[in-house]
Amino acid sequence: MTLVKKSEKELLKERMLKELPELEKAGWKKIHIDLLKRHFTFYYTLVHSETPPKDEKYKKFVNTIKNWRTSKPNNIHEEVYLNYIKFFMKKNSNKKDDKVLDPVWKNIPQNIPGAMQYSQEMIDKFNTEYESESWEDWYDDWKYR
């Protein structure tokens, strides 16, 4: 294990510890929160292949976590870590929808008249209102003879 992985693991554990009040608000049981706090780094190293799975139960745990969208937990450890992964993904996926308002640019309209796309009605009007002329009709050919 390198120092980068160790610090990354510690940062993730600190983040998880800061998220504990949110987990309590979401209705997590105290026993599940205690298990997550106690075994979080082991779960993380096991799933990310830093700790090789020695027993069959650890291999099943890794397979269950790798297929977290479709798998069903078989024991309390799988249930806790799967619920945390789902909580983590839900929390981070909502950030894409939030728009940050810039205090300087928020008053500028998004679709200003010079930058708006013409409607199909306007395009049809341009095509029918003007006479069609060929290139030879308007090109000033006498300069190039």
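Thr45 counts as buried, because its relative accessibility is 6%; buried here means under 20% relative accessible area, with exposed over 50% and partly exposed in between, for a 1.4 Å probe and protein chains only. Before I continue, please note that this is a predicted model, in which local features need pLDDT of at least 70 and side-chain atom pairs count only at pLDDT 80 or more, while totals for chains, interfaces and linings use all residues. Residues are numbered from 1 along each chain as its sequence is written, and side-chain values use heavy atoms, with hydrogens and water left out.

Thr45 has its place in helix H3. Helices, as DSSP runs of H or I with at least four residues, and strands, as E runs of at least two, are numbered from the N terminus. Leaving aside residues up to four places away in sequence, Thr45 touches Lys9, Glu50 and Thr51, where contact means heavy atoms within 4.5 Å.

Let me turn to the whole chain. The protein has seven helices and zero strands. Of its 145 residues, 20% count as buried.

Now to H3 itself. Helix H3 covers residues 30-47, and its 18 residues reach 24 Å from first C-alpha to last, close to the expected 26 Å; that expectation is 1.5 Å times one less than the number of residues. H3 has a kink of about 65 degrees centred on His39, the bend being the angle between axes fitted to the seven residues ending at a residue and the seven starting there. Buried residues in H3 include Ile33, Leu46 and Val47. After H3 comes Ser49, with a positive phi near 60 degrees.

Which helix does H3 cross at roughly 85 degrees? The partner is H5, residues 76-93, and the two axes come within 10 Å. H3 is therefore roughly perpendicular to H5, a label for angles of 65 to 115 degrees. The axes are lines fitted to C-alpha atoms over the stretch in contact, with angles from 0 to 180 degrees between N-to-C directions. Among the H3 residues that meet H5 are His39, Phe40 and Tyr43, and the H5 side includes Ile76, Glu79 and Tyr84. The residues of this contact divide into ten nonpolar, three polar and one charged.

Val80 is buried because its relative accessible area is 1%. Not counting residues up to four places away in sequence, Val80 touches Trp28, His32, Leu35 and Leu36. Val80 and Phe40 are 40 residues apart along the chain, and their C-alpha atoms are separated by 9.7 Å.

Key: Parallel < 35°, antiparallel > 145°, perpendicular 65-115°, else oblique. Nonpolar A, V, L, I, M, F, W, Y, C, P; charged D, E, K, R; others polar.
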